[in-house]
Amino acid sequence: MNVILSSDIMSPDKRQLNSQNGFVDKIHEYIDDINCLYIPSDPHTPFLTHTISSHHKRAFEKSGFTVKHWKILYPYKKRKLQQLISQSNLIILAGGHVPTQNKFFHHIHLKKYIKDYNGLVIGISAGSMNSAEEVYAQPENFGEVKSTHYRRFLKGLGIVDISVLPHYKEIKHQRIDNQRIMEDVTLPDSYGRKFYAIEDGAYIVATENIIYGNCYVIKDGKIKKVCSTGQSVNLRGVN
């Protein structure tokens with residue numbers, strides 16, 4: 001399969017896909033006529049899922065794609081997951097709360113069914129994070145930093161071997177539970193690991209090993225910018 005890891009696929013006005021860094025053109029390299037399976041982050045919020053999914057569907061249409069089929073994986077359809085995947089050439093792993101989505105993915109055995117898929121996967125935010133073999137669930141809600149029960153490292157889908165942190169521009173100065181999310185939480189967690197922090201509009205084509213747009217590597221307690229808007233770099237050459 002081909003995998004694109006994104007922070008946010010929508011343009012700043014939220015009306016179409018973000019064309020920055022050649023994102024739309026890159027998708028066109030893989031597909032034009034779309035048969036999409038949209039996999040949400042939270043199976044218990046069907047109205048929100050339907051609303052966001054509809055916005056994304058219209059964005060693809062406005063960006064020049066022909067959407068033939070667009071199906072949402074609601075919980076009652078999980079028994080048809082293998083069939084739905086086989087009928088799709090695009091799977092979207094939606095954004096949301098990382099641990100909630102991770103739990104849902106395990107519940108529907110997505111890792112087992114997606115491993116032989118031959119189409120395109122686009123991860124959005126949490127969906128990108130849960131694509132990894134080892135997922136870094138960076139705390140985002142009140143109580144998650146201090147909680148002794150919150151697990152920051154989870155087992156993911158394993159369709160990529162890199163860990164992405166989305167929305168870097170927005171989260172780099174955030175505080176949760178009176179802790180600085182980057183300096184006090186993520187940097188200490190990065191020892192012995194490598195995270196690719198991307199801003200909205202940037203993305204990584206994992207199967208090409210290429211980073212497009214603003215990206216920072218967080219490793220062994222340090223942050224280093226490795227790619228800028230309008231640029232692309234090979235992620236295997238990034239230290």
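Predicted model: local features only at pLDDT ≥ 70, side-chain atom pairs only at ≥ 80, totals over all residues.
For sorting residues into classes, Ala, Val, Leu, Ile, Met, Phe, Trp, Tyr, Cys and Pro count as nonpolar, Asp, Glu, Lys and Arg as charged, and the others, Gly among them, as polar.

In the largest pocket, the lining is made up of 10 polar, seven nonpolar and three charged residues. These belong to a lining of 20 residues, and nearest the centre of the pocket lie Ile52, His56, Gly95, Gly96 and Ile124. Helix H2, which spans residues 46-62, supplies the largest share of this lining, with five residues. The space inside the largest pocket comes to about 420 Å³.

The second largest pocket holds about 180 Å³ of space. Its lining has 13 residues, with Gln138, Glu140, Pro166, His167 and Ile171 nearest the centre. By class, seven of the lining residues are nonpolar, five are polar and one is charged.

Next comes a sheet. Strands of a sheet pair through backbone hydrogen bonds, either parallel or antiparallel. Here, four strands form an open sheet in the order E8-E11-E14-E15, and the pairing is mixed. Strand E8 (163-165) and strand E15 (222-227) each have a single partner strand, so they stand at the edges with one side left without a neighbour in the sheet. On average, neighbouring strands of this sheet are turned by 30° against each other, direction ignored.

The partner strand E11 covers residues 194-198; E8 and E11 run parallel and are joined by three bridges. Within this pair, Val164 has Tyr196 of E11 as its bridge partner.

Key: Residues numbered from 1 in each chain as written. Heavy atoms only, no water. 1 Å grid on protein atoms, 1.4 Å probe; cavity = no way out; pocket = protein on both sides within 12 Å on 5 of 7 lines; lining within 4 Å. Points joined across faces, edges and corners; volume = space filled by probe spheres on them. Helix = DSSP H or I, 4+ residues; strand = E, 2+ residues; numbered from the N terminus. Pairing = 2+ DSSP bridges. Axes fitted to C-alpha atoms, helices over the stretch in contact; angles between N-to-C directions.
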